[in-house]
Amino acid sequence: MAITANDVKKLREMTGVGMMDCKKALTEAEGDMDKAVELLREKGLAASQKKAGRIAAEGMAYAAVIDGMGVVVEVNAETDFVSKNEKFVDFVKGVAATVAANKPADLDALMACKYVGTDLTVTEQQQEMVLVIGENIKVRRFAFFTEGVSVPYIHAGGKIGVLVDLDTDLSAEQVETVGKDVAMQIAALNPRFWDKSQVTADVLDEEKKIMMVQMANDPKMASKPEQVREKIVMGKLNKFYSENCLLQQEFVKDGSLSVEKYIAASAKALGGTITFKNAVRFEKGEGIEKKQENFAEEIAKQLAK
């Protein structure tokens, strides 16, 4: 019996199993859909479903400029060594290329896009990768910049991915070093804000409150007039900006400059203008709960059976 593409698609939708495995099962079952489902279950579909429920907090963050558009993505897996797997890395790069080609509005839209170079959606390609790699794999998040000049930076083989967006009248090649320096600063220090103008009133009020309490508990400060303490607080807020706001931070490569002054000095030296517009920093596994049985222990248990 001839197996059609629609048969394979139907079985994929029913089971969530990869395309090639569905085709093989249908061929072995001579086109009997129920028998094919049974065969897939016998060949490890239950294990595949179990993978989909396991925590994926490793993997990699990846940033690149693709066809002039800056893209940063995070794709998770269960173990760190998967980030060095060539097929996994290619999948991550393909996800970034799919983002660049489609400019999806959100993650659901991305997962419904055709994965570049295939007739499969990103969701279907992700399912294929779960079967190929043998771990739960999830596209977690993405971002992109369509305007300005984007400069990507990948730290430690994908532990952190940073994408910096600059507004400039210079070429991408001319501002690459500046962009990369700023991206490295973001990767290393992970500032809460890009500029002090972004610090909200409630954040400042909270900081002031903490500082005033600290001074009230300090015998040397408690006896000082309130006006003096207020002045001291304002000085401490400047330190808050320099510690928490990227552009006001001390530039790590030259402590005599702030990041803002470094960008301005670089622009002047290059004979143009450079303005920091935005950035995105993805750290793999950031915010993912890892309360789960150790994966290596799980494998050991399976081998012991």
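Is Glu-74 buried or exposed, and what is its relative accessible area? In this predicted model, Glu-74 is buried, at a relative accessible area of 0%.

**View 1. A salt bridge joins Glu-74 and Arg-140.** Here the closest N and O atoms are 3.2 Å apart. Glu-74 belongs to strand E2 (residues 69-76) and Arg-140 to strand E3 (residues 138-145), so this pair ties together parts 66 residues apart in sequence.

**View 2. Lys-284 meets Asp-80 in a salt bridge.** The closest N and O atoms come to 2.6 Å. Lys-284 is buried at 16%, while Asp-80 is partly exposed at 35% relative accessibility.

**View 3. Glu-286 and Arg-281 form a salt bridge.** Their closest N and O atoms are 4.0 Å apart. Glu-286 is partly exposed (30%), and Arg-281 is buried (14%). Through shared partners, salt bridges join Glu-74, Arg-140, Arg-141, Arg-281, Glu-283 and Glu-286 into one network. The structure holds ten salt bridges.

**View 4. Phe-91 and Tyr-115 are one of five aromatic pairs.** This pair is stacked, at 5.6 Å centre to centre and 20 degrees between the planes. Phe-91 sits in helix H4 (residues 86-102) and Tyr-115 in the loop between helix H5 (107-112) and helix H6 (122-133), so the pair connects parts 24 residues apart in sequence. Phe-91 is buried at 2%, and Tyr-115 is buried at 8%.

**View 5. Trp-194 and Phe-276 pair edge-to-face.** The ring centres lie 5.7 Å apart, with the planes at 65 degrees. Both Trp-194 and Phe-276 are buried.

Technical notes. Residues numbered from 1 in each chain as written. Predicted model: local features only at pLDDT ≥ 70, side-chain atom pairs only at ≥ 80, totals over all residues. Heavy atoms only, no water. Phe/Tyr/Trp six-rings, centres within 6.5 Å; stacked < 30°, edge-to-face > 60°. Helix = DSSP H or I, 4+ residues; strand = E, 2+ residues; numbered from the N terminus. Buried < 20%, exposed > 50% of the residue type's maximum accessible area, 1.4 Å probe, protein only. Salt bridge = Lys/Arg side-chain N within 4 Å of Asp/Glu carboxyl O.
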